[in-house]
Amino acid sequence: MNEFPPSHPLWETAKSLDAKDPLRKFRQEFMIADPDEIYLNGNSLGRLPVRTVQRLERIIREQWGVWLIRGWDRDWLKLLSRVADKLAVIIGAHPGEVLLADSTSVNLYKLAIACLNIQRGKKVVITDELNFPSDLYILRAAVQQAQGNWRLQILSSEDGNTLPLEKIEKAITPEVGLVALSHVCFRSGFLHDISRLSEVIHQHGAMLLVDVSHSAGVVPLRLHDWKVDLAVGCTYKFLNGGPGSPAFLYVREDLAPLLDNPIPGWLGHENPFRFDLEYRPARGIGRFRVGTPPVLAMAAVEPALDLLLEAGQENAYHKAKGLTEFFLSLYDAFLRPRGFGLATPREPDRRGAQISLIHPEAWPISRAARDRKVVLDFRPPNLLRMGFAPLYNSYQELARAVEIFCQIVDSQSYRQYPEGVDGIP
Ligand SMILES: *Cc1c(COP(=O)(O)O)cnc(C)c1O
């Protein structure tokens, strides 16, 4: 079996890639509590930006503490639109096409129902089994609750990891009103070609709703130019907005006036402070706001988006690609010979900033890795899932993680982790 000694050329490659990395200095912008810990979970919960700590401390003391109700007029309303505008740049939307609110699941519910209620005469919603479970639950509820006679068609994936565009194309008939997919699929990291899908779907009069939770911040997104109708996503993964930070929704500008929010709350009203007894929706995307936005959580999102914009989105995409590509060379040299498989596509344009390894002992290996300070996800039944965050992960961290995987497998130390501990199978 190949050893991975300090003299191995891939260590040199890692060092020189880090030395040339234009984003190298951004790591110090994040709180790194334990410099030896290799955090490969930025796709589940991104690291804390140092400036977020200072920002929140100030807002709590000086604004909540002193301004109280005056805060809304002094800055909080501006904060909401500022954050939305910054996010619009990141996802390739026009100003006024993005709203931060609620959770991704709730936003999906609002947009899916709103969409089905205007797609009169159509009957079918298409998604695929690579989608996130919450999305599937909500789409199932939406087809029952929307007006009309809808059913959900869930396309299956032959290999469990990918879904060719042709398969979606074949499923689209004039009866299809909505196609709802995750841009990057949470399990394998497979990436749908949204730009091409958008063309195909629109030719048949269907609408496209994309969940960009796993792609925002790490792969190029041009939602408006791709003519995507609707999108949702979260800000706590690669956007580093903090645990449970507000999610977002995107509605193409020409569509917003046609769609009705199925949860018509007072802050989606065209003039909430007139306290009318009748609901009249705000003209644009504001109609998808329901209740009072979480100002503190919203304020935590802004410095995180600033970091990404300062780093430069092209730099972030380039590095995300570089990290997955480098990991694949480590995989070929050391992990494939040790019995690991690969769930993530090898074509760079078909994956997000994620690698998912297949191993029959994935669960105990993930526990052993955590004890050796490599933090990654286990996804049943047999996946080790790693997200590579371009702003704070380094090439040498990936090399070190692979060295630790080799040691865990060669020494069989993972056998100390009996199944069933921690409540996972
Ligand atoms: C993370 C994720 C979610 C999370 O939804 P919340 O309601 O914000 O918890 C939803 N969909 C996808 C595709 C995700 O990756």
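I am working with a predicted model, where local features need pLDDT of at least 70, side-chain atom pairs count only at pLDDT 80 or more, and totals for chains, interfaces and linings use all residues. Residues are numbered from 1 along each chain as its sequence is written, and side-chain values use heavy atoms, with hydrogens and water left out.

I count Ala, Val, Leu, Ile, Met, Phe, Trp, Tyr, Cys and Pro as nonpolar, Asp, Glu, Lys and Arg as charged, and the others, Gly among them, as polar.

Next I looked up polar contacts (a pair of N or O atoms within 3.5 Å). A polar side-chain atom of Asp135 sits 2.9 Å from a ligand nitrogen. Thr104 uses a backbone N or O atom, 3.1 Å from a ligand oxygen. Ser103 places a side-chain N or O atom 3.3 Å from an oxygen of the ligand. On its own the ligand has 390 Å² of accessible area, and the protein covers 86% of that. Areas come from the Shrake-Rupley method with a 1.4 Å probe.

**Helix α8 against α9.** Helices are DSSP runs (H or I, at least four residues), and strands are E runs of at least two, numbered from the N terminus. Axes are lines fitted to C-alpha atoms, over the stretch in contact for helices, and angles between N-to-C directions run from 0 to 180 degrees. Helix α8 (residues 295-311) packs on α9 (residues 313-335) at about 85 degrees, with axes 5 Å apart. The two are therefore roughly perpendicular, a label for 65 to 115 degrees. In contact (heavy atoms within 4.5 Å) are Leu308, Leu309 and Ala311 of α8 and Gln313, Asn315 and Ala316 of α9. I read four nonpolar, two polar and no charged residues there.

**Helix α1 against α9.** The axes of α1 (residues 9-20) and α9 come within 11 Å and cross at roughly 170 degrees. That makes the pair roughly antiparallel, the label for angles over 145 degrees. Leu10, Thr13, Ala14 and Leu17 of α1 meet Phe326, Ser329, Leu330, Ala333 and Phe334 of α9. Seven are nonpolar, two polar and none charged.

**Backbone checks.** I found a cis peptide bond joining Pro380 and Pro381, with omega about 5 degrees. Pro381 is in the loop between β12 (377-379) and β13 (383-387). Leu68, not a glycine, has a positive phi near 50 degrees. Leu68 lies in the loop between α2 (50-67) and α3 (71-91).

Definitions and conventions. Parallel < 35°, antiparallel > 145°, perpendicular 65-115°, else oblique. Polar contact = N/O pair within 3.5 Å; in protein donor to acceptor, adjacent residues only side chain to side chain.
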